[in-house]
Amino acid sequence: MSGRVDSETPAAISRPDGVEASGPQDDTGAAHRTVTEEPTEDPLAAADPLAAADADEDEDDDDGDGDLQDPAEVARRARWTAGGAGALLALAGLAASLLRLTGAAPAPVGAAYAAGAAVCALASLLGFRGRTRRALWLMIAGVMVMALGDQFD
């Protein structure tokens with residue numbers, strides 16, 4: 001449809017929900033939008049038998065695990081995830097640093113791993129304090145420092 005007055009519109013217009021518009025046409029040939037039937041439910045949900053079964057199961061659950069979650073629980077989970085990931089990356093960086101320093105690798109390699117581990121440890125601390133976005137960026141920076149140190153090897 002171009003929106004022009006002289007554009008032709010079919011007499012029966014089908015809406016996305018399958019309800020046809022009917023009614024008298026004006027002089028441009030376009031049908032007036034009168035609805036003959038109101039849809040009572042979502043046609044896509046009615047076509048999917050598994051969706052009805054899932055809806056019945058959701059109604060039976062009294063856990064409170066619906067779509068709405070407690071914001072405090074979400075924040076707590078984010079803090080533990082950021083803190084745990086930062087601590088794990090810091091331990092991995094320290095282990096790699098010790099292995100590189102005791103081996104035949106050049107000194108900057110071990111130092112880069114140690115510096116990356118320190119940055120990840122700081123990210124872990126920030127993650128446990130609730131600064132999860134900054135912790136994520138610091139973890140990325142720490143891993144990049146470790147990867148850069150690995151390039152010296």
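Which pattern does the protein follow, read along the sequence?

1. The order is β-β-β-α-α-α-α-α. That gives five helices and three strands, taken as DSSP runs (helices H or I, at least four residues; strands E, at least two) and numbered from the N terminus.

2. This is a predicted model, in which local features need pLDDT of at least 70, side-chain atom pairs count only at pLDDT 80 or more, and totals for chains, interfaces and linings use all residues. Residues are numbered from 1 along each chain as its sequence is written, and side-chain values use heavy atoms, with hydrogens and water left out.

3. Two salt bridges turn up in the whole structure (a side-chain nitrogen of Lys or Arg within 4 Å of a carboxyl oxygen of Asp or Glu).

4. Arginine 76 is partly exposed at 37% relative accessibility (buried is under 20%, exposed over 50%, partly exposed in between; 1.4 Å probe, protein chains only). Glutamate 73, at 35%, is also partly exposed.

5. Another joins aspartate 150 to arginine 100, with the closest N and O atoms 3.3 Å apart. Aspartate 150 sits in helix H5 (residues 132-151) and arginine 100 in helix H3, so the pair ties together parts 50 residues apart in sequence. Aspartate 150 is partly exposed at 33%; arginine 100 is partly exposed at 25%.

6. Of the protein's 153 residues, 18% count as buried. Among contacts (heavy atoms within 4.5 Å) between residues at least 6 apart in sequence, 46% join residues at least 24 apart.
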